[in-house]
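Please go through the structure shown below together with the report that accompanies it.

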Amino acid sequence: MNTFNHILKHKLTQFLLILVFTFLFFQFGIPLLSQALTGKAAPISAHLLWTIYMPLILMVLLLYVSSNETAWEEFKAPLRMLILERERRLIVVLRMILLVALPLLAGWVAYRQVQPQIKPPAELRSIHPAPPGSITVDGEIVNLRNTNNPFRDAQGNPDAQALAAGKEIYAEYCVYCHGDALDGNGLFASALRPSPADFTDPGTIASLEEAFLFWRIAQGGPGMPPEGKGWNSAMPAWEGKLKRDEIWQVILYLYDATGQHPLTVGE
Ligand code: HEC
């Protein structure tokens, strides 16, 4: 018991214990504590831990063990013995082991750092992810499942007035990105990745229902579900800016101007 006490009071033991304890506290204690207090584990990043917290603790500990001559001598004595001992076999063997293990450890850490890490991309971007069943625009629920454009007659022909209104809306709000020719080549296009959709390409509006377009125009890039967010879409959300009817009108124009036809419900 006495030797145990003696060891515990030794400066080198205290140094190592506090070092290990603070490491465990930062690594596991902080996440557990934040989990208990806020319900969300907030681990410290490895970078912060090794470049700021642990070096700081190390510095304070070195100050502590070297604060006076006796403490410093006491701290150094076992280390000096480990390096210089010639008689006691145990210590000599321990020294050998350390002399082999430390460079190996350093090499392993360095190897881990430079080893190339191949990770699959977090998620692949889906250009046309499944839309939600319904969305709320202008305080009214718009069902996206069985909905066709209210400005088309039974044969699918657009209402002339609505179409003219849609053209104006396009010229006012959409042309900068989607372009005069609706080919995605607007003034801002070259600065945007992903590029604005090219509506003349049969892969865009021609393969979509109008309700899908309604959703994309109302909620834009911000409304994309996670599988559509791989790229940072600049497509604005127009709800609040355009009324429901105006969105349906501009959709009429997109199809009319490109000579495309929407998928109709049930197709
Ligand atoms: C700031 C530039 C910008 C403006 C302005 C803009 N868009 Fe877009 N739009 C984009 C980009 C970029 C994409 C492609 C990425 C995406 O799908 O979110 C896109 C995609 C779309 C799509 C989806 C096409 C598809 O194949 O899924 C539709 C529909 C659309 N825009 C309609 C419009 C309409 C209508 C307006 C005007 C009311 C408009 N956009 C204004 C940048 C813009």
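The sections below describe selected features of this predicted model.

## Crossing of helices 4 and 5

Helix 4, which spans residues 69-84, and helix 5, which spans residues 89-114, have axes that come within 8 Å and cross at roughly 85°. An angle from 65 to 115 degrees counts as roughly perpendicular, and helix 4 is therefore roughly perpendicular to helix 5.

On the side of helix 4 the contact is made by Met81, Leu82 and Ile83, while helix 5 contributes Ile91, Leu94 and Arg95. By class, the residues of this contact divide into 5 nonpolar and 1 charged, with no polar residue.

## The shell around the ligand

The ligand is surrounded by 22 residues, of which Cys174, Cys177, Thr204, Ser233 and Met235 are the closest.

In composition, the shell divides into 16 nonpolar residues, 5 polar residues and 1 charged residue.

## Burial of helix 7

Helix 7 is largely enclosed by the rest of the structure, because 8 of its 10 residues are buried. The buried residues are Glu210, Ala211, Leu213, Phe214, Trp215, Arg216, Ile217 and Ala218, and what covers them includes strand 1 (134-137), strand 2 (140-143) and helix 8 (244-258).

Following helix 7 is glycine 220, which has a positive phi, near 55°.

Notes: Residues are numbered from 1 along each chain as its sequence is written. This is a predicted model: local features need pLDDT of at least 70, side-chain atom pairs count only at pLDDT 80 or more; totals for chains, interfaces and linings use all residues. Axes are lines fitted to C-alpha atoms, for helices over the stretch in contact, and angles run from 0 to 180 degrees between N-to-C directions. Helices (H or I, at least four residues) and strands (E, at least two) are DSSP runs, numbered from the N terminus. Angles under 35 degrees count as roughly parallel, over 145 as roughly antiparallel, 65 to 115 as roughly perpendicular and the rest as oblique. Two residues are in contact if their C-beta atoms, placed from the backbone, lie within 7 Å. Ala, Val, Leu, Ile, Met, Phe, Trp, Tyr, Cys and Pro count as nonpolar, Asp, Glu, Lys and Arg as charged, and the others, Gly among them, as polar. A residue is near a molecule or strand if its C-beta atom, placed from the backbone, lies within 6 Å of it. A residue is buried if 20 or more other C-beta atoms lie within 10 Å of its own, exposed if 12 or fewer, and partly exposed in between; C-beta atoms are placed from the backbone.
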